[in-house]
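Let's take a friendly walk through a protein model together. Keep the sequence and the 3D view side by side as you read.

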Amino acid sequence: MQASYDPPLTRLLRHLLRVTDVANVITTNYDRLIEYSAARGAVRVNTMFAGSPFGFLDESESANECRRFKRIAGARQRWETSIVPHVCLSKPHGSLDWYQTGDAGGPVMQSQVSVGDQAPLIVSPGDGKLRLGYETPFDLQRNRANQAIDRASGLLILGFGFNDDHLQVHLKARYSRVPSVILTRDLTLAAHQYLEASSGQSIALSAGAGGSGTELTTSIGSQRISDLNLWQLDTFLREVLAA
């Protein structure tokens, strides 16, 4: 049964899955907001971890959880598979529910707080960030995120400052090739540079220096849109995507 009100991220995920069977989502945050938003909308999520509430890193089995299997009648046993519309979620910096077990059993995903000798699997800012980013499971997540960026026909970017080395190389290669929309409260200097390099392919919607309303920025300048806070996802969904 659908809730009377769905949060903006739930509405966004549902909207994306009306036009594609697989919505690639990348987040550098550790929180589980996307997972919770998907669950609220009965949307399946492929995180590379299979099983719930306790799961193991298994890319193949996680993909199988987002497929339907139908037995085909006949003399020989045959199965037909089809994709269940789902979110393919990449978290190159880890997640609050990922842990490394001390018994060399590999990364696990669990809903309860860490117990015993389990270490959180999170890439935090600091000197070790780049090194950790090339260890399992972060390397698998980063590679999948970069492949999604390389294949994308368009990008919707929410609150990203364009200051992450793990993703920047592939993003820069797409600046002038695919259209993108940036929603953020404040545009960083790196975001402005992204817009300038996009050859008019990208726009940014931000709060800007004014009070209410939206600053629409492209590679050639900006203009003020009064009254509507289009940089807020809830308003953007309602006024632009009608979702």
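The paragraphs below visit a helix, some charged pairs, a strand residue and a surface patch.

This is a predicted model, in which local features need pLDDT of at least 70, side-chain atom pairs count only at pLDDT 80 or more, and totals for chains, interfaces and linings use all residues. Residues are numbered from 1 along each chain as its sequence is written, and side-chain values use heavy atoms, with hydrogens and water left out.

Start at helix 1, residues 8-16. Helices here are DSSP runs (H or I, at least four residues), strands are runs of E with at least two, and both are numbered from the N terminus. The buried residues of helix 1 are Leu9, Thr10, Arg11, Leu12, Leu13 and His15. "Buried" means under 20% relative accessible area, "exposed" means over 50%, and "partly exposed" lies in between (1.4 Å probe, protein chains only). What covers these buried residues includes strand 1 (22-26), helix 2 (33-40) and helix 8 (233-241).

Now look for charged partners. How many salt bridges does a search of the whole structure find? It finds 8, each being a side-chain nitrogen of Lys or Arg within 4 Å of a carboxyl oxygen of Asp or Glu. In one of them, arginine 11 meets aspartate 234, at 2.4 Å from N to O. This pair links distant parts of the chain, since aspartate 234 is in helix 8 and arginine 11 in helix 1, 223 residues apart. Arginine 11 counts as buried because its relative accessible area is 18%, whereas aspartate 234, at 27%, is partly exposed.

Another salt bridge joins arginine 32 and aspartate 97, with the closest N and O atoms 2.7 Å apart. Aspartate 97 has a relative accessible area of 5%, so it is buried.

Next, find phenylalanine 69 in strand 5. Is it buried or partly exposed? Its relative accessibility is 46%, so it counts as partly exposed. Leaving aside neighbours within four places in sequence, phenylalanine 69 is in contact (heavy atoms within 4.5 Å) with Asn64, Trp79, Glu80 and Thr81.

Finish at the loop between helix 3 (59-64) and strand 5 (67-72), where glutamate 65 sits. Glutamate 65 counts as partly exposed because its relative accessibility is 34%. Together with Asp58, Glu59 and Glu61, Glu65 forms a negative surface patch. Patches are made of residues with over 30% relative accessible area and no salt bridge, with like charges joined within 9 Å and nonpolar side chains (Val, Leu, Ile, Met, Phe, Trp, Tyr) within 5 Å.

Note on methods:
Areas by Shrake-Rupley, 256 points an atom, 1.4 Å probe, with all protein chains shown as cover. Lys, Arg positive; Asp, Glu negative; His and termini not counted. Charge placed at Lys NZ, Arg CZ, Asp CG, Glu CD.
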